[in-house]
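Thanks for coming. I will go through some contacts in this structure, one group at a time.

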Amino acid sequence: MAIARQVLCLSAFLSLSHARSEPIRYSVAEEAASGSVVGNVAEDAGLAPAQLSARRARLASEDGRQHFGLDRGTGRLVVAERMDREELCGRAGTCTLALELLLAKPLQFFRLEVAVEDINDHSPVFPEDRVTLKIVETSNPGSRFPLEVARDLDIGSNSIQAYSIAPEKEYFSVSFGTQKESDKYVELLLEKPLDREEQAEFFFSLIAVDGGSPPRSGSTQIHIVVLDVNDNAPVFTEDRYVVQVLENAPEGSVVLRVVATDQDMGTNGDISYHFSQVGDESHSAFSIEPMTGEIRLTKSLDFERAENHELTVRATDGGDLSAICKVLVEVVDVNDNAPELMVSSFSSPLPENTLPGTVVALFAVRDRDAGANGKISCALEDQLSFSLQPAYKNYYELVTVSMLDREEMAQYILTVTAADAGSPPLTTTQTFTVEISDVNDNAPVFNQTSYTMYVRENNVPTALVGTVNATDADVGPNAKVTYSLAPAQLTGQPPCSCISVNSENGHVFVLRPLDYEQVRQIEVLVTASDAGYPPLSANVTIHLLVVDENDNVPLVLHPSQDSSPPSSELVPMSAEAGYLITKVVAVDSDSGQNSWLSYHLLKATDPGLFVVGAQSGEVRLRRPVTERDTVKQKLIILVRDNGQPPLSATAVLNALLLNDFSDVRLPHSNLATEDEGNSLTTHLIISLVFVSLLFLTSMAAFVAHKVCKRKELKDGHMLYSTGNLPSSLGNAGTVGTLPHAYCYEVSLTTGSGNSEFKFLKPILPSLPPQHCTMGRAIDDEQIFPCGPVTVEDMAPENPGMLSVGQFNSVSFN
């Protein structure tokens, strides 16, 4: 994440129009101790030291080495490690190290350049500790004898400034200087003629002194051998040879051939070649043929390591006279180094709501080759969401150019290709895998626009009726969906308490039994919410349909079963087959096939007389009515639904078969349903028993009275006379309802609630009034009333108990 913030900050800074174009320059002496202060970066950059820590300042260098450090507390640039200028830059005239000061929040950077100043830390060194020169005694004063120059790794004033001889010799002096193309030379100068016989050898030191403070020096021992006669030294055809060699030249290749000539004859004219300064690194890559002077490669050259090699070749004749020439081998660069791509910062994962122009990666490119072989171009493979933009010098930044959508593309593999301009060009590819992190930008989506679920009425509590399912295109917590019931959208009323939804899996439950006849459909709103911040949600409507169960029996509307007594249907005796008597009307609170009703004749007084329409409920005559048919017909009709199992109800129907509808009032007033007839019969029996008891009591009293009268008669008393009879009995022939004295019989029948009242023929001849005792006659203990009879006589105490309507028939004999 630190790298990601640095990249963002650097990108912001690079986009500032006031970015510093000139670097901040410092200098430091080589070999400075670790921790040495180079300069105050914060002050020079116009920053407060506190900003360095707050903005997470850091140093970045092109080669990746940390030569310097940053003290965030003070803003000082300090030396991180000891530096050797000669190791870093060789003998280059200037040695400058480039680095960047990167700050984040917001991104800003400053270019820094630190010049490493040379110090006099190297002494002059001669190639050989001892040099032997053979000089013929005939050499003229002024003759010059070349020597190998000393080497000093320091530059400028710290390099070699002078040569001297110690101890000083009157015969010799030293001459030094610079020839063309900055080549330095040292020569031993003969001051006066030599005489081998006088002095055959000379010994002294050649001292090289640099210009440092304090100065450093180096020396080599010079041994002069005075020779006799050989007065011609070899001479090279050129003092300086220059040759170019491809760095990919194979080992053993001939670089060039040096040629020296000697005018002497014999052994004094035989020349052999060899390298001076054999210990030099440049000489290690070459070898020279002693007899021919051919210089060959002993190992491959590397332009990036050394662009040229300077060789010193000595030609020596048989008389030990020699000459020196310089060979400069220039290494020609070939395109043998592919571009290098160094990533400074890289941000991944990247939020999908990242704005266009956001820096994803910052990297630098370089090529160790030179010229066209080192020119680099970078390209990003076809990519619509990202682009590659140059930033500073050889830095490039990878930025977004459009909005990202993780749901469309969760990962981008970006391939950056860096190619040089060599022939053929070399390329390097760097792959950036950018992961897109999720942002809660997708609401849950139900797999249906609405749900229809079914539940049978009278369900068990907590019955599972279905499942709602919503998915979220996001990932992680942003895709975790929970379900809940929501208030109705229009009314805002709370959700139905009879329905519940499982928040985890979307299972929908009915919490209590439902009644189809009370509620047939319930609509609830279910909300699916994700766990993002802020959470997103979606709603869906559930239509819960209650499925009917056959839990209601049919209800008979007609004929009404609540009336008391039940009404009766009248049927004329003349009705033909198919005559519509009535229609049974029933309803069922259930629906569907549970409410399909069928009608069946369950029981009838005369089952063959009637037929019931199975679908219509119409009661019709199956055949014509005959005299033999019972006047009163009772039908029980079964009404059954089509449920499983079926439920049923019964309807009771009374029918009266009448000849004439003028007698309707009598049957309707005297006849009732079976149940009321039974009740009436019970009342009649009780009344008749009471009347009979009363009658028997009266008859017993009457008999007792007659017995008493008969005793009086036997005793000679007049029991009866015309005048003693009650007036009512005396006038029986004219006052009573019957003209003669009749005996009557009353019989009561049970079961139908009706009684019969019969008048019988007289069983005794008509007697005058004087033959009747109180209007009564006793015969064989049978009591037959004589004279006019009224209802009151039958029920003297309750004459209203028996009425004409209570008798089924009246017959006269």
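Asp 438 has 18% relative accessibility, so it counts as buried; buried means under 20% relative accessible area, exposed means over 50%, and partly exposed is what falls in between, with a 1.4 Å probe and protein chains only. Before I go on, this is a predicted model, in which local features need pLDDT of at least 70 and side-chain atom pairs count only at pLDDT 80 or more, while totals for chains, interfaces and linings use all residues. Residues are numbered from 1 along each chain as its sequence is written, and side-chain values use heavy atoms, with hydrogens and water left out.

Back to Asp 438. What does its side chain meet in a salt bridge? The partner is Arg 406, at 3.0 Å from N to O. By salt bridge I mean a side-chain nitrogen of Lys or Arg within 4 Å of a carboxyl oxygen of Asp or Glu. Arg 406 sits in the loop between strand 29 (395-400) and strand 30 (411-420), and Asp 438 in the loop between strand 31 (427-437) and strand 32 (445-446), so the pair ties together parts that are 32 residues apart in sequence. Strands here are DSSP runs of E, at least two residues, and helices are runs of H or I, at least four, numbered from the N terminus. Arg 406 is buried too, because its relative accessibility is 10%.

A second pair is Glu 504 and Lys 480, whose closest N and O atoms are 3.5 Å apart in a salt bridge. Glu 504 is in the loop between strand 37 (499-501) and strand 38 (507-510), and Lys 480 is in the loop between strand 35 (470-471) and strand 36 (481-486), so this pair links parts 24 residues apart in sequence. Glu 504 is partly exposed, with a relative accessible area of 49%, and Lys 480, at 43% relative accessibility, is partly exposed as well.

The structure holds 16 salt bridges. Among them are those that link Glu 22, Arg 25 and Glu 113 in a network.

Another one joins Arg 620 to Glu 618, with the closest N and O atoms 2.8 Å apart. Arg 620 counts as partly exposed at 28% relative accessibility, and Glu 618 does so at 23%. Glu 618 also touches Gly 613, as does Tyr 599, leaving aside residues up to four places away in sequence; contact means heavy atoms within 4.5 Å. Gly 613 is in the loop between strand 46 (610-612) and strand 47 (618-621). Its relative accessibility is 22%, so Gly 613 is partly exposed.

Now a charged residue without a salt bridge. Asp 317 is buried, and the nearest side chain of opposite charge, that of Lys 134, is 8.9 Å away. For charge, Lys and Arg count as positive and Asp and Glu as negative; His and the chain ends are not counted. Where is Asp 317? It lies in the loop between strand 22 (308-316) and strand 23 (322-332). A polar atom of the Asp 317 side chain is 3.0 Å from the backbone nitrogen of Gly 319, and the backbone nitrogen of Leu 321 is 2.6 Å from a polar atom of that side chain. Residues that Asp 317 touches, apart from those up to four places away in sequence, include Asn 230, Asp 262, Asp 264 and Asp 270.

On to the nonpolar part. The largest nonpolar core has 27 residues, and those with the most contacts inside it include Phe 236, Phe 286 and Val 327. Such a core is a set of buried Ala, Val, Leu, Ile, Met, Phe, Trp, Tyr and Cys residues joined through side-chain atoms within 4.5 Å. Strand 23 gives the most to this core, with five residues. Phe 286 touches, among others, Val 255, Phe 275, Ile 295 and Val 329, again not counting residues up to four places away in sequence.

Last, the cysteines. How many disulfides are there? The count is one, taking a disulfide as a pair of cysteine sulfur atoms within 2.5 Å. Cys 89 and Cys 95 form it, with their sulfur atoms 1.9 Å apart. The torsion about their S-S bond is about 60 degrees, so the disulfide is right-handed. Cys 89 is partly exposed at 23% relative accessibility, whereas Cys 95 is buried at 3%. Elsewhere, Cys 325 is buried at 1% relative accessibility, and Cys 378 is buried with a relative accessible area of 18%.

Key:
Polar contact = N/O pair within 3.5 Å; in protein donor to acceptor, adjacent residues only side chain to side chain.
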